[in-house]
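Dear colleague,

Please find the structure below, followed by a summary of what was found in it.

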Amino acid sequence: MVRVGPGGLGRIRRTVQFAALFVANAYWPGLARTTIYSGPAKGVCVPFLNCYSCPAALFACPLGSLQNLLATARILSVYVGGMMLAAGFAAGRLFCGWLCPFGLFQEVLALPRARHVRLPRLVRTVKYVLLALVVVLPVVWVSSGAGVPFFCKFICPAGTLEGGLVLVLGRPEFRANVGWLFVWKVAVLALFLALMPFVYRVFCRTACPLGAFYGLFNRVSLWRIERDTGRCKGCGTCVEVCPVGVPVTENPNHPECIRCLECTKACPYGALVFAMAEVGKQEVKLRN
Amino acid sequence: MDGFAFCKTLGGLALRPLGNRWLAWTGFMAGVLLMAAGIGRGEFIAVLHKASRICLECIGIG
């Protein structure tokens, strides 16, 4: 069994993940006062899931913003959509693997054997259904005059963890209004929490619409994994180390790939590189 | 040749000057332009307005 040690790329990635967590959630007074930040930075969407109702959040969540603008103003935001498109075309799911705080949370909870759990295709398809519903339902599901941000309201466990639990526990007026919806959301979070130790990044792989969206761009993104067929001996080391079960030798830019880049580090022949190209110039390749 | 490969070949011929990553570059630039257009029509303020208030539905109270 080949294992990627905690050093090198793995350590850099973990450092970047923690840095993203603290930068995106740097409003510490909000945690103490259980209020949320409302300064100008809140208009900036981060390219990963980070609930803006979290008292510490400095920036806006793209999915929350997209859905709330659709639900309340019937605006398909080209600002948020453009940011997601630019991020997707730039690096695909790199943001899931390197920046997403909820992804980091799931990785921290995962047991070593969780990395070898493979998920059936049908289960992995759920996130694409949710992605379609994220755009459709806020418009067609109307409740008391306004649409419903269905994913945030009924599913998002990141919102429950980062915003819901903190605010409900910290604010008596919210505690007094807890009803079936909060119970449902806590149940969804509890389900994912129960699975996290046993299935690596279970939420990202089954239910994250943002990850599903970025995954569509893995194949065509500016930065992507290149496999040098001349160097590759088909030893399968890359497939063994991949924590999300990507068939790297067949398709290193599979939509499920979260671009943790462990395969590029583990390849004994240096056949896998994370590369980008500049306009009109030869490709620039980065080796680990 | 599947539909994706056909479109890629067709687009590749049209956008050959951009190099072999034409789709990624044009997509990326389109995203940046859309983002700028959205900011231009006031969506930054709209997002700021939304995200500055606690979303009761998002936290499970609504």
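The crossing of H3(A) and H4(A) is left-handed, a term used when the near helix is turned anticlockwise from the far one by less than a right angle, with right-handed for clockwise. The model is predicted: local features need pLDDT of at least 70 and side-chain atom pairs count only at pLDDT 80 or more, whereas totals for chains, interfaces and linings use all residues. Residues are numbered from 1 along each chain as its sequence is written, while chains are lettered from A and ligands numbered from 1 in the order in which they are written.

Helix H3 of chain A spans residues 62-73 and helix H4 of chain A residues 78-91; their axes come within 9 Å and cross at roughly 145°. Helices (H or I, at least four residues) and strands (E, at least two) are DSSP runs, numbered from the N terminus. Axes are lines fitted to C-alpha atoms, for helices over the stretch in contact, and angles run from 0 to 180 degrees between N-to-C directions. From H3(A), Pro62(A), Ser65(A) and Leu66(A) meet Val80(A), Gly81(A), Met83(A) and Met84(A) of H4(A). By class, this contact of H3(A) with H4(A) has five nonpolar, two polar and no charged residues. Here Ala, Val, Leu, Ile, Met, Phe, Trp, Tyr, Cys and Pro count as nonpolar, Asp, Glu, Lys and Arg as charged, and the others, Gly among them, as polar.

**The interface and chain B**

The contact between the chains takes 49 residues from chain A and 34 residues from chain B, two residues being in contact if their C-beta atoms, placed from the backbone, lie within 7 Å. On the side of chain A that touches chain B, H4(A) gives the most, with ten residues. That side has 30 nonpolar, 16 polar and three charged residues. The predictor gives the complex an ipTM of 0.86 and a pTM of 0.88.

Chain B has four helices and zero strands. Its average pLDDT (the predictor's confidence in each residue, from 0 to 100) is 82, and 73% of the residues score at least 70.

**The core and individual residues**

The largest nonpolar core has 110 residues, of which Leu49(A), Ala57(A), Phe95(A) and Cys263(A) touch the most other members. Such a core is a set of buried Ala, Val, Leu, Ile, Met, Phe, Trp, Tyr and Cys residues joined through C-beta atoms within 7 Å. H4(A) supplies the largest share of this core, eleven residues.

Thr160(A) lies in helix H9 of chain A and is buried, with 26 other C-beta atoms within 10 Å. A residue is buried if 20 or more other C-beta atoms lie within 10 Å of its own, exposed if 12 or fewer, and partly exposed in between. Leaving aside neighbours within four places in sequence, the contacts of Thr160(A) include Lys185(A), Leu189(A) and Gly60(B).

Most residues other than glycine have a negative phi. Arg201(A) has a positive phi near 50° and is found in the loop between H11 and H12 of chain A. Leu261(A) has a positive phi of about 70° and is found in the loop between H14 and H15 of chain A. Arg201(A) is buried, with 28 other C-beta atoms within 10 Å; Leu261(A) is buried, with 23.

Yours sincerely
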